[in-house]
Structure formats: structure tokens, C-alpha cells
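Hi,

Here is the structure I promised to pass on.

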Amino acid sequence: MKETFEFCEATAPSSTANLGPGFDVFGLGLDLFYDTVSIRKLATKNGKIKIVIDNKANIPSIVKENSASLSVKKFAQKYKIKDDLEIRITKGVPIGLGLGSSAASSAAAVTAFKELFKCKLTDNELLDFAAEGEVSSAGVKHYDNVVASLFGGFVIVRTFPTLRFIKVDTPKDLILIVCVPNLLTPVKKTKLARSVIPKAIPIEDLTKNLANACIMVSGFFLQDTRLLTNGINDIIVEPARKSLITGYDKVKLNAIRSGALAVTISGAGPSMISFTNSAKDAHKIGHSMEQAFAESKIQSNAYVCRPSSSARVTSKF
């Protein structure tokens, strides 16, 4: 007899996207902040979703504007599931700061839904449902954060001619320092950050970014932190976005002077992320990044972490 459940809860990690030259292609799960999403079947079958938001998080409670519920709605429609559902969201990932907040909710939601209804589907199909949630915050489906939150580690994703991703093991000595500024970001911040990206770029710039991206991928496959960080240099998207981050240049300079092997914007920002293979230098780098933001009269918090594992089910009954 097939086992059935009435409730399922899952958790998914924060993430960083782009990692310099890998715009919309590279993602890295961060073992730092986590979102938790639970889904409960209700007694009725009208295909409706009720959203409950814990810890007074400032996220939408309308289905089409909430990443978790939007992903679940598309999932349910595809599988013709009519159960009314209560989705409870507990936010742990800071909202709108470049750490994959909407993606973590989507990843946790589809992980819980898949387990609750015992859906048979491929990882690519699961990823596509999770990416539906990104429409609520970015205006378009994009996969770099959700693929990292769903599957953890370093992930490469492509969307043409077909959706496909590759997960690559991360070097054991890779350490991330994430500096999160205490800023109020605009509504639809990701959409704004995408709007400043140049629509046309010189072929020479594309070639340089492509070469850096290849160096990064080689570093991950060879488990060589120094090599992969040598490729974290973006000359297309980051120069266009840095004006949105007060203190960007000083944060980057301070981190490099304190021993960081590379520094870049985390996702669409405004958080910044540094890379090192030295546990001894990590906290010094974080402190230097905080100091740089402070010089621009911005309070921030730096966190030291490692790459994350995948989203996972934490409870079901």
C-alpha cells in the first residue's frame, strides 16, 4: 500500500549566484542561512493555497507574488493536484540582499511538495518548478540561485537549447566570507539590478569573461581553490551594478588587502562575498569588509561559512 502523508516540511540553504563571470549560469549553496517551508493538506479540494508567514517576515502573502506558493501552484497544476494547501514559510535567509532569499523558499517548497505527494519527476523538472517562483521577485525565471539551493555545492546551469545543470564538488579548503549590509533594498530589487546590465557588449569583453568562467570551472573540477578564485573577475555585469552598492570599491580593496583570494558581489547585491582557503585569514577578511562599509556609514555583518549541501525534508507525517 502506498504511504500517504498530510504534512511535509523541508529546509533549503541560502546561495550566491554569478560568482563574477558566471551571470545566470553559476550558483553556489551557502551553509549560512536557511528557509523552512511546510505544506499541509486541508480537507477540501478546490486547488486553493493559504499562506502563513512566520516570524513577521516582510514577504508577500498573495500566491502569485510569493515565490514558494507560486512554485507550488505551478507544480500542483501540472500534476492536476486539487488539494487545498496551507503553506507555512519561516524565513531565515535575509530578504533582498543577494543571498537567494526567494530561491530558498522556492527550493524548500518544491522539495516538501514533491515528498508530500510522492511525485515522480526528474531533477531538471523539479528545478524548473522551483524557478517558477523567481518570476515573483525578478520578473523572469532564472535558475542560478534555485539550482544551488536545491542541490547544494557549486552548480552550472544552462537553459538553451534545453535545461541542464551540472553539480561539481567544492574544494575542501574553500571558505566563504559573506558581508551583509544593513540596508533597505527596493521592492523588486533583483528586477532593478537586472535592468542596469548592458544590452550589448563588445566581443572582447565577452571573451575575457568566458575565459575567466572557464578558469573557475577548471578550478572546481581540479579541487584547486587558488585556481578557481583566479577566475572570479567580471568585466561586464559587476561594473554596471557596483554603483548600486555604496562602499563597493573600499569593501573589495579591504578584503584583498586582508588576504582574500577574490571578492565579488553576491548575486544582485548588495551583499559582498570573499573567497579564501585560509581559516586564519577568514575572520580578518570579514572584519575588514565590515570596516569598509562602516566608512560609508553602513552597518554590516560578516559571516564565515562553507558551501552547503542540498535542500532536504525535515519532517513528514
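Predicted model: local features only at pLDDT ≥ 70, side-chain atom pairs only at ≥ 80, totals over all residues.

Strand β7 is covered on both faces: Ile175, Ile177, Cys179 and Pro181 are buried on one side, and Leu176, Val178 and Val180 are buried on the other. Buried here means under 20% relative accessible area, exposed means over 50%, and partly exposed is in between, with a 1.4 Å probe and protein chains only. As for naming, helices (H or I, at least four residues) and strands (E, at least two) are DSSP runs, numbered from the N terminus.

Residues are numbered from 1 along each chain as its sequence is written, and side-chain values use heavy atoms, with hydrogens and water left out.

Back to β7 and its sheet. Four strands make up an open, antiparallel sheet in the order β8-β9-β7-β10; two strands count as paired if DSSP finds at least two bridges between them. At the edges are β8 (262–265) and β10 (300–305), each pairing on one side only. Neighbouring strands are turned by 20° against each other on average, direction ignored. For angles, axes are lines fitted to C-alpha atoms (for helices, over the stretch in contact), and values run from 0 to 180 degrees between N-to-C directions.

β7 spans residues 175–181 and pairs with β10 over 6 bridges. Val180 has Asn301 as its bridge partner there, and Pro181 stands opposite Ser300. Towards β9, β7 has 5 bridges, again antiparallel, with Ile177 partnered by Ser274.

Which helices pack on this sheet, and which strands do they touch? Helix α11 (residues 279–295) touches β7, β9 and β10, and its direction makes about 20° with that of β7. Helix α10 (residues 248–257) touches β8 and β9 (272–276), and its direction makes about 155° with that of β8. Contact, throughout, means heavy atoms within 4.5 Å.

Now the cores. By nonpolar core I mean a set of buried Ala, Val, Leu, Ile, Met, Phe, Trp, Tyr and Cys residues joined through side-chain atoms within 4.5 Å. The largest has 44 residues, and those with the most contacts inside it are Ile39, Val72, Phe75, Phe113, Leu127 and Leu150. Helix α2 (residues 101–116) gives the most to this core, with 8 residues. Apart from it lies another core, of 26 residues, including Leu99, Ile156, Val168 and Ala213.

Neighbours within four places in sequence aside, it is in contact with Ala107, Val110, Thr111, Leu126, Leu127, Ala130, Ser310 and Ala311. Its helix, α5 (144–151), has 8 of its 8 residues buried, and among the elements covering them are β1 (7–17), β2, α2, α3, β5 and β6. Just after α5, Gly152 takes a positive phi of about 70°.

Helix α3 (residues 123–132) has Leu126, Leu127, Phe129, Ala130, Ala131 and Glu132 buried. These pack against α1 (67–78), α2, α4 (135–138), α5, β5 (154–158) and β6 (164–168).

On to the domains. The chain is divided into domain 1 (7–169) and domain 2 (175–307), with bounds from an automatic or database domain assignment. Their centres, taken over C-alpha atoms, are 24 Å apart, and 30 residues of domain 1 are in contact with 40 residues of domain 2. About 2600 Å² is buried between the two, with carbon and sulfur atoms giving 68% of that; buried area is the accessible area (1.4 Å probe) that two parts lose on being put together, summed over both. Pro21, Phe23 and Leu97 supply 22% of the area that domain 1 buries against domain 2, more than any other three residues.

Last, a loop residue. Thr44 is found in the loop between β2 (26–41) and β3 (49–53), and counts as partly exposed because its relative accessibility is 40%. Leaving aside neighbours within four places in sequence, Thr44 is in contact with Lys82, Asp83 and Asp84. Thr44 and Ser308 are 264 residues apart in sequence and 37 Å apart in space, C-alpha to C-alpha.

Cheers
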